[in-house]
Amino acid sequence: MPELPEVETVMRGMRVHLEGHTISSASTHHTGLRWPFPPGLAQALEGRRINGFARRGKYILITLSGGMVVVLHLGMSGRVLLSRPTEAERAAPPALHEHLVIETGEGARCGLVDPRRFGMVDLVPAAGVEGHRLLAGMGPEPLGNRFDGPWLAAKGRGRRTSIKALLLDQRVVAGLGNIYVSEALFRARIHPARAAGEISAAEYDELATEVRAVLEEAIAAGGSSLRDYVQPDGELGYFQHAWRVYGREGLGCPDCPGPPACDGVERITQSGRSSFFCPRLQEA
């Protein structure tokens, strides 16, 4: 699933390509994705100006004229295709698994492709977007001012749940996913299975710093590419080349002092998800 840096990258690409444009036509090619499209979605989009873009957790928010907002989630395999098609290309049928197409009077085209159909699109009044059923109750943005060590420490105080589970709880912090949680915990030298209530205040300060750092680095690198994910311009992200532990089971830990080095990165399963860590630097 695209994680926060990937969603941020897509959102920024859409902003460059579409902000300030007026939607001249819109079309849907299936009844919906994970949930049905709002009734009359295509007709409701046509004629509206695209005023701006934002991200909330892993959701992209597209602000339109007339006080409406499109809420978009890419799901497991969603991609956004941005182009400036020729007249002949405009007449071509939609791409395979392309469920929503938007064209603007300025010549831009935006297509939402989602083979697995786990994504979602909704259209809601701007005044109520924060109370949307999928956004209400979300924690602070990990790159925002509200997120820091004391916030995490307060949320983890007295809890027996693992620190990894705490970080993946969208009510604690919005948008974090499996890859970047594993990377941040490694950088902070915290074992993913440690109880949240046993983490010290100093460790939480370091962890918050590393969460922010790894996300910023991944965004700068254009997001990580995992199978279906590509940037809106078609280029692959490359932060996966900087992963230190994720997906590196059995490989040497890049930060372990030696000789002797550790036996390599290990993997455990937590709530059905793989966690990668160095047993030497991240003691349980």
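Which residue in β6 stands opposite alanine 26? That residue is isoleucine 102. The structure is a predicted model, in which local features need pLDDT of at least 70 and side-chain atom pairs count only at pLDDT 80 or more, while totals for chains, interfaces and linings use all residues. Residues are numbered from 1 along each chain as its sequence is written, and side-chain values use heavy atoms, with hydrogens and water left out.

The chain is assigned domain 1 (4-131) and domain 2 (149-243); such bounds come from an automatic or database domain assignment. Taken over C-alpha atoms, the centres of domain 1 and domain 2 are separated by 28 Å.

Strands (E, at least two residues) and helices (H or I, at least four residues) are DSSP runs numbered from the N terminus, and two strands count as paired if DSSP finds at least two bridges between them. Five bridges link β1 to strand β6 (residues 98-104) in the antiparallel sense.

A second open sheet of four strands has the order β2-β3-β4-β8, with antiparallel pairing. Here β2 (50-56) and β8 (120-125) stand at the edges, and because each has a single partner strand, one side of each lacks a neighbour in the sheet. The twist averages 20° from one strand to the next. Strand β4 (residues 68-73) runs antiparallel to β8 and is joined to it by six bridges. Within β8, proline 125 stands opposite methionine 68.

Helix α1 (residues 4-18) lies across β2, β3 (59-64) and β4, and runs at about 175° to β2. Axes are lines fitted to C-alpha atoms, for helices over the stretch in contact, and angles run from 0 to 180 degrees between N-to-C directions.

Helix α1 packs against α7 as well, at an angle of about 40° with the axes 9 Å apart. That angle makes α1 oblique to α7; angles under 35 degrees count as roughly parallel, over 145 as roughly antiparallel, 65 to 115 as roughly perpendicular and the rest as oblique. The crossing of α1 and α7 is right-handed, where a crossing is right-handed if the near helix is turned clockwise from the far one by less than a right angle, and left-handed if anticlockwise. On the α1 side the contact is made by Leu4, Pro5, Glu8, Thr9 and Arg12, and on the α7 side by Leu215, Ala218 and Ile219; contact means heavy atoms within 4.5 Å. By class, this contact of α1 with α7 has five nonpolar, one polar and two charged residues. Ala, Val, Leu, Ile, Met, Phe, Trp, Tyr, Cys and Pro count as nonpolar, Asp, Glu, Lys and Arg as charged, and the others, Gly among them, as polar.

Two further helices pack on α7. Helix α4 (residues 149-156) and helix α7 (residues 201-220) lie at an angle of about 120°, their axes 8 Å apart, and are therefore oblique to each other. Their crossing is right-handed. In α4, Gly149, Pro150, Leu152, Ala153 and Gly156 meet Tyr204, Asp205, Leu207 and Ala208 in α7. The contact of α4 with α7 has six nonpolar, two polar and one charged residues.

Helix α6 (residues 178-188) packs on α7 at an angle of about 130°, with axes 8 Å apart, which makes α6 oblique to α7. The crossing of α6 and α7 is right-handed. Tyr180, Glu183, Ala184, Leu185, Arg187 and Ala188 of α6 make the contact with Glu206, Leu207, Glu210, Val211, Ala213, Val214, Leu215, Glu217 and Ala218 of α7. By class, the contact of α6 with α7 has 10 nonpolar, no polar and five charged residues.

Strand β9 (residues 266-270) pairs with strand β10 (residues 273-277) in the antiparallel sense over five bridges. Arginine 273 in β10 is the bridge partner of glutamine 270. The hairpin of β9 and β10 has two residues between the strands, and in it serine 271 takes a positive phi near 50°.
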